[in-house]
Amino acid sequence: MSRFKEALDSGKFVITAEIGPPKGVNVEPMKHHIALLKDRVDGLNVTDNQSSVLRYPSLGGALLVKEMGGEPILQMTCRDRNRLALQADLFFAYSRGITNVLCLTGDAVVVGDHKDAKGVFDLDSVQLLDAIHTLSEGKDLAGNPLDGTPRFCKGAIVTPEAQPLEPQLLKFEKKIEAGAEFIQTQAIYDLTNFSNFMDYARKFQVKILAGIVVLVSAGMAKFMNKNVPGIFVPKALIDELAGAPKGKALETGINIAARTIRTIRDGRMADGVHIMAIGREESVPRILDLAGIH
Amino acid sequence: MKTITRTKPFEQILEDISLDTRVFIVGCGTCATLCHTGGIDEVAAMAERLTVAGKIVTGVAVPPTGCDEVTGEMRYVFRDQLRAADIVLVMSCAFGVQTAASQLKKPVAPALDTLFMGKEGPAGHYSEICMQCGECVLVYTGGICPVTACHKGLLNGPCGGTDNGMCEVGNGRECAWTLIYNRLQSQGRLDHMRRYHPPKTHNAVLRPGIIDLTHSREEAAAQ
């Protein structure tokens with residue numbers, strides 16, 4: 001059983017953080033972030049060509065996490081690989097000690113930087129979860145027996161602020177039926193809305209990690225409200241960021257993130273949090289310190 | 001359902017036929033006429049532009065259906081104009097281009113790009129309705145095709161890019177799964193959305209699609 005899975009099952013408040021691979025082959029900054037965070041969290045989630053922008057692969061990043069003594073969670077989207085490539089990458093991951101997978105559909109190709117590429121989507125996120133379950137039974141997707149069986153801890157995502165919400169929840173339930181053991185949420189800011197979502201989600205046998213994205217300015221918050229599907233930053237938080245002294249907006253954002261984590265943990269509102277620093281990885285240790293997580 | 005086509009940039013057409021001086025133009029009286037890309041008016045306009053660009057148009061024809069084998073009749077009706085031409089510029093879908101290529105015994109060039117099988121909305125607006133995947137799921141999706149109408153062709157519900165009924169790819173595209181949800185809800189059949197759809201059989205029809213439908217599925221399986 002993976003260290004991350006053990007943490008999930010232990011009942012402790014689980015902390016994961018995200019690592020974004022470089023555009024190119026200079027992995028030194030990524031290694032610095034891994035070194036900074038690996039002993040502060042229960043898992044490091046490595047993004048997979050996030051936002052359809054070409055990057056160093058999540059598999060390579062996850063391997064670095066493993067080699068550096070951290071606990072990797074491999075993000076795997078269905079956008080860039082067909083079912084043969086996905087299964088082959090899963091074999092490779094498992095053989096190198098990467099045993100946690102986050103299954104994602106993947107953003108559309110056209111929102112990224114290779115707009116003319118072919119989006120694959122041979123599988124969707126539910127089918128990928130089901131495929132990993134099939135592999136764990138010693139068979140591939142064509143029904144052939146495997147020589148060596150990979151057993152992953154598998155997760156997926158949900159967007160609690162999606163509009164309309166019910167189709168999203170129906171898919172959430174399908175993901176759990178397909179074997180999701182943990183669910184990371186899209187970034188949440190309105191804790192009343194999140195609490196309502198958790199009242200529903202608690203009915204299912206799955207661990208929920210609340211998504212935390214660090215706000216760096218009021219402008220970023222407004223931009224996300226307008227442009228990022230399923231993100232809602234309440235006006236009070238935007239005002240708080242706007243009211244920060246000049247040059248202190250990031251500090252305010254760090255405080256908001258820490259306060260949110262503390263509230264979720266102290267109120268046992270979720271099983272843990274997943275921190276997406278998106279270029280502000282350096283701030284994650286401070287967020288954890290301020291949240292009282294040591 | 002018809003084939004939706006779009007005219008290639010004129011400069012592209014000139015580059016494609018740069019080796020050729022004498023051009024015979026073929027349009028199509030069906031889909032390309034309805035799309036205003038290969039009807040009588042568009043063929044006449046193309047002849048004029050090519051002439052201005054220094055080409056010699058040996059003749060034009062707009063058969064009732066460019067893809068029909070009747071197109072072959074043109075070999076006799078327009079024999080001299082075709083014989084005089086270096087190339088046939090075809091203003092129809094790719095089916096018409098391929099029919100002309102096989103029937104007219106001449107080099108061909110497409111003047112149009114074939115976009116999709118679609119329906120016509122308000123004038124000039126077309127939307128794709130079927131990808132011809134060979135595994136129809138419309139009974140579970142309120143008669144709205146997720147393979148076609150969802151940008152990612154997702155079978156098991158909306159992705160995280162759904163946003164108040166719109167799709168993350170923008171350009172006014174609606175989220176197919178919101179449409180499907182609304183339709184199924186109005187029919188009291190939301191349970192259809194709980195159904196797990198396994199990965200698609202992308203070779204439901206082996207490509208290129210060639211099939212003998214003179215036998216039933218059962219007979220074919222027994223053979």
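A: Happy to. In α9(A), A:L237, A:E240 and A:L241 meet A:A249, A:T252, A:G253 and A:I256 of α10(A). This is a predicted model, in which local features need pLDDT of at least 70 and side-chain atom pairs count only at pLDDT 80 or more, while totals for chains, interfaces and linings use all residues. Residues are numbered from 1 along each chain as its sequence is written, with chains lettered from A and ligands numbered from 1 in the order in which they are written.

Q: At what angle do helix α9 and helix α10 of chain A pack?
A: About 145°, with their axes 8 Å apart. The axes are lines fitted to C-alpha atoms over the stretch in contact, and angles run from 0 to 180 degrees between N-to-C directions.

Q: Why is B:C130 called partly exposed?
A: B:C130 has 16 other C-beta atoms within 10 Å. Buried needs 20 or more and exposed 12 or fewer, so a count in between is partly exposed. B:C130 sits in the loop between β7 (126-128) and α7 (146-149) of chain B, and touches B:M1, B:M117, B:C145 and B:T148, leaving aside residues up to four places away in sequence.

Q: How many residues does each chain give to the contact?
A: Chain A gives 29 residues and chain B gives 24 residues. On the side of chain A, α6(A) supplies the largest share, seven residues.

Terms used: Contact = placed C-beta atoms within 7 Å. Helix = DSSP H or I, 4+ residues; strand = E, 2+ residues; numbered from the N terminus.
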